[in-house]
Structure formats: structure tokens, C-alpha cells
Amino acid sequence: MDPISRRNVLTAAAAGTLATAVTAVGAQAGETMPQPRRAGVGGTNPGPKNPTRASQNPDLISPPATDHGVLPNLRFSFDDAHMRLTTGGWTRQVTSRELGISKNVAGVNMRLNAGGVRELHWHKAAEWAYMLYGSARITAIDAEGRNFVDDVGVGDLWYFPKGIPHSIQGLGPDGCEFLLVFDDGSFSEDNTFLLSDWFKHVPPDVLGKNFGVPASNFGNTPDPSELYIFPLPVPGPLANDRLAGAVPVPNTFSHRLMAQEPIRTKGGTVRIVDSKNFPASITIAAALVEINPGAMRELHWHPNTDEWQYYIEGKGRMGVFASSGDARTFDYQAGDVGFVPFAMGHYIENTGDTPLRFLEMFKSSTYADVSLNRWMALTPPELVQGTLKLDQSVMSALRRGPAPVVPV
């Protein structure tokens, strides 16, 4: 390389180094991307990075000084999950394979186009669902041969106990989208018991004996790969599918969550649903939480089981205390799954400028939480002050009543 060309290369390299330094300083000043530093510790990140990913996880890039130790990953996004596309819609799942710590609960996000059918099937796990968009028709029978059919819309729930056969179909005008929650972390949506799959693996003469018709009527069932989620015409009015003479299930498999009067505070609302107000739901309890900008789900923990979360809208962060000095902070947005291991203290704060809405779900027949505020308020004050050395103004502010979202 001649001297002039070499000088040009060195000049360009120096200019690039200067530009990198300026970019790093600018990022700090303009906060265009979080940097791994805070007062007196850390530094810039001049190397390879994903600015979009970093901006979604500011509390991982620059953790609060109160974070300490090691916790497992407590966040996974459905947008990082494999999408299965079909002729009638799509599906994706977050199980213990994606979020390793979640051993008791798995989730599926599913879209059915108008008329799209999730094939007649059943599972070894119970299925709890929350409608996110549109409307659907759901059907089932129980072990006593009692019938169920209903139409569900946004905010409605359903619950099918394990082993109960059922179906889901998207209605007009644009089908539906929903979250499914299963009481088994290793559940796989790809391993359900499909009606077509069973038909393909029973000899035609056996099918003929079972239904009392000639064996020649069988052998033309479509391959299960063609079904699973497949298109059919949008069904007519619900009344047309209510079978004459069929005995209805004693406890409905659907529930109108939004019809419940919520717990209200200045900071937001909470609607709790479990077997007490949705008797069919014997293995999944849940709460729909809405937090206003600047407010938060109070410091608390759950004394009965792990918490599996699904974020519907907004932005938030969750701090989790794991005992023995370990604590971590995670950031969440719409489509994310969060997780809190059994009995760990935590809070969820709205970090955006719009409402934060999310579901808390538990493998339990009943919902239970313990409020830090109520515990301290209902403990002899001398004991609390002697432990924490709190100012009297703090002691006077303690609340004995429920306030799941603060400020009150």
C-alpha cells in the first residue's frame, strides 16, 4: 500500500473511532439506548449490540443498584416463539422448553380466522383461556354426556378440565385470538389427541362395528396435517347449535370476567377469578390487573404456588426478591410472558404512559396473595419499628385493607 493510501485508511479509521466515541456519549446524553452503567460503575457498550433489544430491557442493561445475585430467566416473549401457520389460522407456545423455570404452567397464543376451527380434540392437561380479540364458538361434552356450547368475546374465559373433548371456531367478521393456559409446564400443543388422528389409526372394520355402519364408510378421513386448524364456513346463530334434548353441563365452562365488579383504587383495577366464582375452573386461578401510568402492583407474594403472567398491553417492570440477598429486575411489554417462583416477593410497576394490563395465573383452585403493607399493618407496631427503624409517618400510612394496586 502506498503512503498516501495508508494515510487515508488511518485517517478514516480515526474518524470512525471518533464517531463511535461521539455516538456513545450521545447515547448517554440523549438516552437513545440504555448503557450498562450508572453513577460510578459500568461503562458504555461500544461493541456489537442490538439497540431494539436493549431498549426493551433497560433494567437488564443497567440494573437498579438493589439487584443482586443470580436468578433464572423470568421473561420470554411470544414474539420469540416459533409460529405454526395453518389454512385456518396460526398458533405459538411458551412452555418449559422456552421458559425453563415454568414447570407447572404452559401457554399457547392462537389465532383462528373467521370460520377457522381448532379441530375436535382433548388434552391430558386442563385448558384455561382468555379471549384477546374477536369472538369464537366453543363446544364440549363432559364424562356424563352433558353438553356445552357458547359464544365468547373479548375478556371472556373458558375452562375445559383435562380429558374433556372440545372445539373452538372463529366467528365473523374476523375470527378471534386468545391465550390458552395449561396446568402442565411441559405441555405441547402439537401432542393433543385429535379426532382425525384417531380415525386414521383405527381399522375401518372396527370403526364400522363401533358406529353400526358398513366399514366402507371409512378410510377417507383427511390426514391430520390437513386439519388441526382448518377453514369451515362461519356457523349460524348460537341457537342453531344448541342441540334439542341435550342435557347441559351443571357448571358452565365459560365465564364473563369483564362483568365482574373489580377491586378499584386510584392506581388501577384487579379482577380475580377462581373456583369460587368460576366453579368449573378447578386447577387455574387468575387475576386481570390494570395499572395506571406511574402506579404499581403493590409489594406482595403468593403463598400457594408459582405465578405465570401474560402482558396484554403497555410497558412495565417487575422486581423479584428471592431471599438470601438475591433480587433481579425484568422489563415487560405486550406479548411477553413473566414468571415469579413460589413465595418470592415482587412488584410490577407501570413504566409507560398508557395503562399496563396483564394476567396473573396460578395452578391452583383458589387465588391467594399476601400484601407486605397489610402484614406490617397487622403486626404489633413496636415489632415492626424495632425491625426496620421506620419513621412514624411510615407507620401511620400502613393499610389494613386490600389495595392490590397503589396509590390507593
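Analyst: In this predicted model, 20 residues line the largest pocket, and those nearest its centre are Leu-299, Val-320, Phe-321, Gly-345 and His-346. The space in this pocket comes to about 400 Å³.

Several elements build the lining. At least two residues each come from strand S19 (296–301), strand S21 (315–323), strand S22 (326–333), strand S24 (345–350) and helix H6 (372–377). The most is given by S21, which supplies 5 residues. By class, the lining of the largest pocket has 11 nonpolar, 7 polar and 2 charged residues.

Ser-323 counts as partly exposed because its relative accessibility is 37%, which falls between the 20% and 50% cut-offs.

For reference, the second largest pocket holds about 330 Å³ of space. Its lining has 17 residues, with Val-117, Leu-120, Ser-167, Phe-230 and Leu-232 closest to the centre. Two or more residues of that lining come from each of strand S7 (116–122), strand S8 (127–141), strand S11 (166–170) and helix H4 (195–200). The lining of the second largest pocket divides into 9 nonpolar, 5 polar and 3 charged residues. In the loop between S11 and strand S12 (176–182) sits Pro-173, and the peptide bond that leads from Gly-172 to Pro-173 is cis, with omega near 5°.

Key: Residues are numbered from 1 along each chain as its sequence is written. This is a predicted model: local features need pLDDT of at least 70, side-chain atom pairs count only at pLDDT 80 or more; totals for chains, interfaces and linings use all residues. Side-chain values use heavy atoms; hydrogens and water are left out. On a 1 Å grid over the protein atoms alone, a cavity is a set of points where a 1.4 Å probe fits but cannot get out, and a pocket is an open set with protein on both sides within 12 Å along at least five of seven lines; lining residues have an atom within 4 Å of a point. Grid points are joined across faces, edges and corners, and a volume is the space filled by probe spheres set on the points. Helices (H or I, at least four residues) and strands (E, at least two) are DSSP runs, numbered from the N terminus. Ala, Val, Leu, Ile, Met, Phe, Trp, Tyr, Cys and Pro count as nonpolar, Asp, Glu, Lys and Arg as charged, and the others, Gly among them, as polar. Buried means under 20% relative accessible area, exposed over 50%, partly exposed in between (1.4 Å probe, protein chains only).
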